[in-house]
Amino acid sequence: MKKSNDSKVTEFVLLGLSSSWELQLFLFFIFLLFYMTVVLGNLLIMVTVRADAHLLQSPMYYFLGHLSFIDLCLGCVTVPKMLRDFLQRGKIISFSGCLAQIYFLHFLGASEMFLLTVMAYDRYVAICNPLHYLTVMNRQLCFQLVFACWCGGFIHSITQVMLVIQLPFCGPNELDNFYCDVPQVIKLACMDTYVVEVLMVSNSGLLSLICFLVLLFSYAIILTTLRTRFRQGRSKALSTCASHLTVVSLIFVPCVFIYLRPFCSFSVDKVFSVFYTVITPMLNPLIYTLRNADMKTAMKKLRKKYAASFFHSKG
């Protein structure tokens with residue numbers, strides 16, 4: 001345990017996913033594959049949306065491009081550090097590095113939650129008020145909504161960092177996880193953390209739960225409205241809503257489980273942490289591309305365009 005002269009902890013030891021060296025090597029290759037999928041998959045969606053004029057003009061794909069950017073960044077907050085730790089015995093993170101992880105994790109996570117709520121509103125307008133969809137969801141409003149999502153994420157993350165930075169750390173410094181997060185860090189503080197844990201629940205926990213309930217209510221209204229639509233339009237809308245609901249569940253269920261229950265920890269916490277920080281950013285591109293005909297068509301056009309450019313340059 002490393003401490004400064006005034007007995008304050010200056011670094012934390014991450015216990016990681018396993019203490020077995022052989023298992024860590026196996027996990028290194030598995031999570032390296034996951035990380036490459038996160039980076040390449042989300043980059044592909046961002047490039048496809050930017051390259052296709054039709055998708056770029058659509059509010060839904062404008063939001064999807066931002067969602068992919070958030071997922072790309074979210075995967076880079078914890079996974080590179082975890083991959084490096086798999087290859088070394090000591091898994092150390094400085095106090096400032098720990099605060100940085102907490103900040104960016106909650107900044108990107110909260111921004112994604114708000115963005116998913118905005119995307120639900122976008123689907124609501126598109127399905128329940130289709131004649132005025134492009135008028136309501138104009139480019140200015142889309143920009144303002146995305147900006148509000150980023151601002152909301154910033155405010156939330158600053159609050160989380162303030163909860164941690166004021167705590168005294170002078171005793172144990174082992175975090176039973178592969179990254180720094182508020183629930184594990186505050187348990188190491190040299191004081192009664194009852195009030196801090198309640199504040200964490202009222203901030204992260206209730207934020208996750210309220211956004212999740214709002215999203216479920218929104219999609220319930222959308223699905224009820226779809227009962228009166230024609231079969232062709234209903235099928236496409238149902239496919240889009242199913243993709244969104246899948247992504248929403250993958251993100252919000254782990255967050256509600258982790259942040260809405262203070263004062264206790266379970267052995268499955270690490271599993272939910274992996275889902276939130278690694279699996280979800282990896283699956284989002286697959287969910288949105290495999291179930292979306294417009295994205296698949298745009299990717300085919302992009303592939304043909306670059307293939308033609310390649311062969312032209314060779315010739």
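C151 is partly exposed, with a relative accessible area of 31%. The model is predicted. Does C151 have a bonding partner, or is its sulfur too far from the closest one? The closest cysteine sulfur belongs to C149, and it is 9.3 Å away, so the gap is too far for a bond. C211 is buried, because its relative accessibility is 8% and buried means under 20%.

Other cysteines do pair. A disulfide is a covalent bond between the sulfur atoms of two cysteines. How many disulfides are there? The count comes to two.

Take the one that joins C98 to C180, with 2.2 Å from S to S. C98 sits in helix α4, residues 95-128, while C180 sits in the loop between β3 (174-175) and α7 (182-186), so the bond ties together parts that are 82 residues apart in sequence. Is this disulfide left-handed or right-handed? The torsion about its S-S bond is about -115 degrees, so the disulfide is left-handed. Both C98 and C180 are buried.

Now turn to the disulfide between C170 and C190, also with 2.2 Å from S to S. This pair links distant parts of the chain, 20 residues apart. C170 is in the loop between α6 (139-165) and β3, and C190 is in the loop between α7 and α8 (194-226). Are these cysteines buried or partly exposed? C170 has 36% relative accessibility, so it counts as partly exposed. C190 has 32%, so it too counts as partly exposed. Number the bonded cysteines in sequence order, and the pairing reads 1-3, 2-4.

Next come the charges. Side chains of opposite charge can pair when their charged atoms come close. A search of the whole structure finds five salt bridges. Three of them follow here.

D122 and R123 meet through their side chains, with 2.9 Å from N to O. D122 counts as buried because its relative accessibility is 1%. R123 is at 10%, so R123 counts as buried too.

D176 and K270 also form a salt bridge, with 2.9 Å from N to O. The pair links distant parts of the chain, 94 residues apart. D176 lies in the loop between β3 and α7, and K270 lies in helix α10, residues 269-290. D176 is partly exposed, with a relative accessible area of 45%.

E197 bridges to K187, and their closest N and O atoms are 3.6 Å apart. E197 belongs to helix α8 and K187 to the loop between α7 and α8, so this pair ties together parts that are 10 residues apart in sequence. E197 is buried at 7% relative accessible area, whereas K187 is partly exposed at 38%.

Finally, look at the surface. Which residues gather in a patch of positive charge? They are K296, K300, R303 and K304. K304 lies in helix α11, residues 293-314. Its relative accessibility is 60%, so K304 counts as exposed.

A nonpolar patch is found on the surface as well. F154, I155, I158, M162 and I165 form it, with about 470 Å² of accessible area together. I155 lies in helix α6. I155 is exposed, with a relative accessible area of 55%.

Definitions and conventions
Residues numbered from 1 in each chain as written. Predicted model: local features only at pLDDT ≥ 70, side-chain atom pairs only at ≥ 80, totals over all residues. Heavy atoms only, no water. Patch = residues over 30% accessible without salt bridge, like charges linked within 9 Å, V, L, I, M, F, W, Y side chains within 5 Å. Areas by Shrake-Rupley, 256 points an atom, 1.4 Å probe, with all protein chains shown as cover. Salt bridge = Lys/Arg side-chain N within 4 Å of Asp/Glu carboxyl O. Lys, Arg positive; Asp, Glu negative; His and termini not counted. Charge placed at Lys NZ, Arg CZ, Asp CG, Glu CD. Helix = DSSP H or I, 4+ residues; strand = E, 2+ residues; numbered from the N terminus. Buried < 20%, exposed > 50% of the residue type's maximum accessible area, 1.4 Å probe, protein only. Disulfide = S-S within 2.5 Å.
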